[in-house]
Number of protein chains: 2
Amino acid sequence: MLRSFVRAAAIGFVGTSLLAGALPATAQDVGKIVAYRQGIMKALGWHIGPIAGMAKGEVAFDQAKLQHHANALAALSQILQEGFPEGSAGDSKAKPDIWTNWADFETKVDGLETATAALAAGAGGVTDAGGIGALLGPVGGACKACHDSYRAQ
Amino acid sequence: MLRSFVRAAAIGFVGTSLLAGALPATAQDVGKIVAYRQGIMKALGWHIGPIAGMAKGEVAFDQAKLQHHANALAALSQILQEGFPEGSAGDSKAKPDIWTNWADFETKVDGLETATAALAAGAGGVTDAGGIGALLGPVGGACKACHDSYRAQ
């Protein structure tokens with residue numbers, strides 16, 4: 001969703017730091033872009049951790065915490081893709097295939113947005129740990145689908 | 001807002017990675033915590049950049065981009081404070097004063113949440129670059145107020 005806008009926003013960001021708005025991004029810009037998306041990835045991991053812990057019974061089920069972390073995942077998913085503007089492979093595990101298969105990459109990020117939005121929307125109806133898996137599974141599946149194709153091992 | 005919950009959530013996260021949930025955090029945990037909050041800080045910077053650029057006339061005014069970045073700032077602000085559990089100073093610029101003046105730190109993070117929420121809520125009514133400053137000013141002020149007190153130079 002909002003793909004063309006998000007790409008434009010990312011280019012706008014690069015433009016801001018370059019002042020002249022010229023592409024390709026400089027090494028300094030790429031470093032910032034990589035740091036941005038890695039920060040978002042770390043935050044996704046931070047928030048999925050307690051939800052997975054609840055699902056496994058390692059963390060006590062807590063409705064408010066579930067909702068909080070689910071909301072965070074949904075919000076973070078919506079600001080992930082702009083961290084992958086063209087030319088930003090840099091020193092990271094992002095495979096060049098991202099940009100040669102952009103439409104598929106978009107679809108996979110969309111899948112994460114959809115799965116986390118469903119988790120956030122459904123969290124209020126989850127009353128125990130056993131109810132988490134059906135919503136969390138598609139989120140983990142979306143992570144894996146994209147990482148399998150587009151993250152270097 | 002939701003301070004006690006957010007602190008509990010952070011402790012819950014540490015507990016997840018420690019399995020036993022014991023505090024204080026290990027060095028490995030602190031590294032993850034610092035990476036989390038630095039990622040959120042970088043993301044805040046990423047999203048405030050284009051808004052500041054529009055306000056200064058360096059980036060073309062764009063309603064949809066303004067709303068997107070404002071929404072991101074509001075969402076990120078709500079998941080920032082959990083990145084500062086006690087004992088997590090680690091290798092970072094976070095001053096120990098954060099934990100000795102916790103109530104004041106909380107107030108300052110609340111200030112950021114309030115300012116970014118107002119920016120996100122008001123962005124729809126902003127029709128040109130000249131209207132951004134009144135909403136962006138308090139956001140910048142909230143960043144500065146906290147950094148002046150709690151971030152090492």
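1. A contact here means heavy atoms within 4.5 Å. With that cut-off, residues 24 or more positions apart account for 71% of the contacts in chain A with a separation of 6 or more. The model under discussion is predicted.

2. Fold of the chain. Chain A has six helices and zero strands, and its elements, taken from the N terminus, read α-α-α-α-α-α. Chain A has 153 residues, of which 44% count as buried.

3. Relation of the two copies. Chain A is superposed on chain B by a rotation of 180°, with 0.0 Å of shift along the axis and an RMSD of 0.0 Å. This is the relation of a two-fold axis. The residue of chain A that comes closest to the rotation axis is Gly39(A), whose C-alpha lies at 1.8 Å.

4. Interface. Chain A contributes 31 residues to the contact and chain B contributes 31 residues. Of the interface residues of chain A, 100% are also interface residues in chain B, so the copies meet through the same surface. About 2,600 Å² is buried between chain A and chain B, and 78% of this lies on carbon and sulfur atoms. Between chain A and chain B there are zero salt bridges.

5. Salt bridges overall. Side chains of opposite charge can pair when their charged atoms come close. Over all chains, the structure holds four salt bridges. Three of them are taken up in the next points, beginning with the pair in helix H6 of chain A.

6. Asp148(A) and Lys144(A). These two residues form a salt bridge in which the closest N and O atoms are 2.6 Å apart. Both belong to helix H6 (residues 133-150) of chain A; because they are four residues apart there, about one helical turn separates them. Asp148(A) is partly exposed, at a relative accessible area of 43%, while Lys144(A) is exposed, at 51%. The cut-off for exposed is over 50%, so Lys144(A), with its 51%, falls in that class.

7. Lys144(B) and Asp148(B). In chain B, Lys144(B) and Asp148(B) form a salt bridge, and their closest N and O atoms are 2.5 Å apart. The two are four residues apart in helix H6 (residues 133-150) of chain B, so they are separated by about one helical turn. Lys144(B) counts as exposed at 52% relative accessibility; Asp148(B) has a relative accessible area of 45% and is partly exposed.

8. Lys108(B) and Asp104(B). Another salt bridge joins the side chains of Lys108(B) and Asp104(B), at 2.9 Å from N to O. Here the helix is H5 (residues 102-122) of chain B; the residues are four apart in it, and therefore about one helical turn separates them. Lys108(B) is partly exposed, with 21% relative accessibility, and Asp104(B) is also partly exposed, with a relative accessible area of 30%. Since buried means under 20%, the 21% of Lys108(B) leaves this residue in the partly exposed class.

9. Geometry of H6(A). The helix has 18 residues, which at 1.5 Å a residue should span 26 Å. The C-alpha atoms at its ends are 25 Å apart, in agreement with that value.

10. Buried face of H6(A). Which residues of H6(A) are buried? They are Leu136(A), Val139(A), Ala142(A), Cys146(A) and Tyr150(A). Viewed down the axis of H6(A), the buried residues fall within an arc of 120°, so they line one face of the helix. They pack against three elements of chain A: helix H2 (27-56), helix H4 (97-100) and helix H5 (102-122).

11. Opposite face of H6(A). Turned away from the buried side of H6(A) is a face that carries the exposed residues Ala134(A) and Lys144(A).

12. Gly140(B). This glycine is found in helix H6 of chain B and counts as partly exposed, at 33% relative accessibility. Gly140(B) and Ile48(B) are 92 residues apart along the chain, yet their C-alpha atoms are separated by 8.9 Å.

Conventions
Residues are numbered from 1 along each chain as its sequence is written. Chains are lettered from A and ligands numbered from 1 in the order in which they are written. This is a predicted model: local features need pLDDT of at least 70, side-chain atom pairs count only at pLDDT 80 or more; totals for chains, interfaces and linings use all residues. Side-chain values use heavy atoms; hydrogens and water are left out. Copies are superposed by least squares on the C-alpha atoms of residues with pLDDT of at least 70 in both. Buried means under 20% relative accessible area, exposed over 50%, partly exposed in between (1.4 Å probe, protein chains only). The expected span of a helix is 1.5 Å times one less than its number of residues. The arc is that of the directions from the helix axis to the C-beta atoms. Buried area is the accessible area (1.4 Å probe) that two parts lose on being put together, summed over both.
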